[in-house]
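Let's take a walk through a protein model together, one step at a time.

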Amino acid sequence: MSEVIDRPLRDDEKPAASRLRIVDCDVHPSLRSTDDLNEFLPRRWQQHLKEYGSHLRTPYLFTTPYPRSSPLIARRDAWPPTGGPPGSDLAFMQKQHLDPLDVEFGILQVLDLFIFSQQNLEFGAAIQRAINDWQLAFWSHRDPRLKASILVGQDGVDLAIAEIERCAKIGEYIQINVSPRANEPLGRRRYWPIYECAQALDLPLGIHVGGYGGHAPTGGGWPSYYVEEHQSNAHTIAAQLASLVIEGVPERFPKLKIVFIEGGFGWIASAVWRMDQHFERFRSEVPHLKRKPSEYVRESFWFTTQPIDEPDEARHLRALIEWVGIDRLLFSSDYPHWDFDDPRFAFKTPLTEVERKKIFSTNARAVYKF
Amino acid sequence: MARHIVASTSEIPPGGNKVVDVAGRDIVVFHVNGEYFALLNRCPHEGAPLEKAACVARLTSPEPGVYERSRVGEMLRCPWHGWEFDMRNGQSWFDPKRFKIRSYPVAVERGDELQKGPYVAETFPVRVEDSYVIVEV
Ligand code: FES
């Protein structure tokens, strides 16, 4: 990673259709405008959206509490020439991302309209439903590589289950997405009906970092800087991993697959070691756990790779990968966001062909059953 | 090093750039405040196309809340992860010992001077009143 790049690309570095064949577990499509949703949103909620807009748990309407590193947190080169925000033009996405990087499947992750953080649960459910329909009509049906997720707000459990069941009947969605910043830690029993439903339908649970709930983004309060806040994505899902494991979700729903998206993976080894160590000391506090936390993590959880950690020494990245487990990692690019990882250059440590294949394709294919 | 005529000066407006293929390399030539800089069009981090980079100022801060700008337009901010590079030599502003974009010598020469030299390739419609940007690779 350290040498000066002063040579033309070698053939094996060029985007070669036959070489990559990747599954990208985190591609962000965007609404061109909220009018895109009109055909999927009952008049009443269209009106509500126009008149009241979002009602969130954080202040500052139509913005985020932290300035982002770039407009719409996007790569500067990802603004479609046709206008509209990054990620809103399928043809451009195909040309810039899917085709040259040889994406065999791309999993859509919608963040528009602060979809998980709507305080008005019925409005939230209407928006989620519209966005679930929009994902198929505007994306999956126009490019079958792009796979849609069922987005639900888990704080309205009944509404969520109704939506999951509606979408599952359609049969085209590949996972259920909930927020990492719900009102309570994700392991709480109030959310279990969603997990039960996911297990019964054999749909993985996707948890994409970000958004704002009612709590500060870090356990220590509201940070001062975006760079600090960006770090907190990893803390948040580390806390959610602990909550899910220790409250007994994988014990109770052993077939449920849980995928943490966009949290990176550098933090996992330490979190799991610590849980195991404490489990040995305090297991009488949690007699509902039959096995060590690490065993649940190894069987029930997967982690997408972006934003990949970049230690100074390549072997340290290698060690992280091994600690987490080659089988647990799913490649993701986060296109078109500013911290996008290019599959050709993101792993600055050697991987064998078999390992590459697992991380870039077969692990995801097994989890999502492509 | 061979010299390659890559553009007429009028083709690259101030603050703009032009991507050229020189000897099989994807090179981007920037025009900043009357000067031209040529760099490999590829970020050494993950390969982002630098033609989409922002031309920014050097931003320094003696203390929180106080910012100073200098060398306006001469720093290149990668379109992806925002690493910054000095356009004059390709040096990374972050970890400068380890990261550098390959940069190339650039000259601007008048068309009528060029016409006398060996570089009046038939393929270039040289108009003698123009100046041309020359990159050495
Ligand atoms: S590719 Fe340029 S900063 Fe990452």
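We begin in chain B, where four strands make an open sheet in the order 2-3-4-8, with antiparallel pairing. Its edges are strand 2 (17–22) and strand 8 (103–104) of chain B, each of which pairs on one side only. Keep in mind as you look that this is a predicted model. Strands of a sheet pair through backbone hydrogen bonds, either parallel or antiparallel. To see one such pairing, find strand 4 (residues 35–40) of chain B, which is joined to strand 8 of chain B by two bridges, the two strands running antiparallel. There you can pick out Ala38(B), whose bridge partner in strand 8 of chain B is Tyr104(B).

Chain B has another open sheet to look at, made of three strands in the order 5-6-7, with antiparallel pairing. Which strands stand at its edges? They are strand 5 (54–63) and strand 7 (84–86) of chain B; each has a single partner strand, so one side of each is left without a neighbour in the sheet. From one strand to the next, the twist averages 50°. Strand 6 (residues 66–77) of chain B pairs with strand 7 of chain B in the antiparallel sense, over three bridges. In this sheet, Met75(B) stands opposite Asp86(B), a residue of strand 7 of chain B.

Now step back and take in chain B as a whole. Its secondary structure comes to one helix and 10 strands. Reading from the N terminus on, the elements follow the pattern β-β-β-β-β-β-β-β-β-α-β. Chain B has 137 residues, and buried ones make up 42% of them. If you take the contacts in chain B between residues at least 6 apart in sequence, 45% of them join residues at least 24 apart.

Next, let's see how the chains meet. How many residues of chain B are in contact with chain A? The count is 21 residues of chain B, in contact with 23 residues of chain A. The size of an interface is often given as the accessible area lost when the parts come together. Here chain B and chain A bury about 2100 Å² between them, 50% of it on carbon and sulfur atoms. One salt bridge is found across this interface. You can look for a salt bridge between the side chains of Arg98(B) and Asp312(A), at 3.4 Å from N to O.

Arg365(A) counts as partly exposed because its relative accessibility is 25%.

Another salt bridge brings together the side chains of Asp155(A) and Arg190(A), at 3.2 Å from N to O. Again the pair links distant parts of the chain, 35 residues apart: Asp155(A) is in the loop between strand 3 (146–151) and helix 4 (157–170) of chain A, and Arg190(A) is in the loop between strand 4 (173–178) and helix 5 (192–201) of chain A. Are these two partners buried or partly exposed? Asp155(A) has 13% relative accessibility, so it counts as buried. Arg190(A), at 33%, counts as partly exposed.

Glu163(A) counts as buried because its relative accessibility is 8%. Salt bridges that share partners also join Arg57(A), Asp155(A), Glu184(A), Arg188(A), Arg190(A) and Glu247(A) into one network.

Key. Residues numbered from 1 in each chain as written. Chains lettered and ligands numbered in written order. Predicted model: local features only at pLDDT ≥ 70, side-chain atom pairs only at ≥ 80, totals over all residues. Heavy atoms only, no water. Buried < 20%, exposed > 50% of the residue type's maximum accessible area, 1.4 Å probe, protein only. Salt bridge = Lys/Arg side-chain N within 4 Å of Asp/Glu carboxyl O. Pairing = 2+ DSSP bridges. Axes fitted to C-alpha atoms, helices over the stretch in contact; angles between N-to-C directions. Contact = heavy atoms within 4.5 Å. Buried area = accessible area lost by both parts, 1.4 Å probe.
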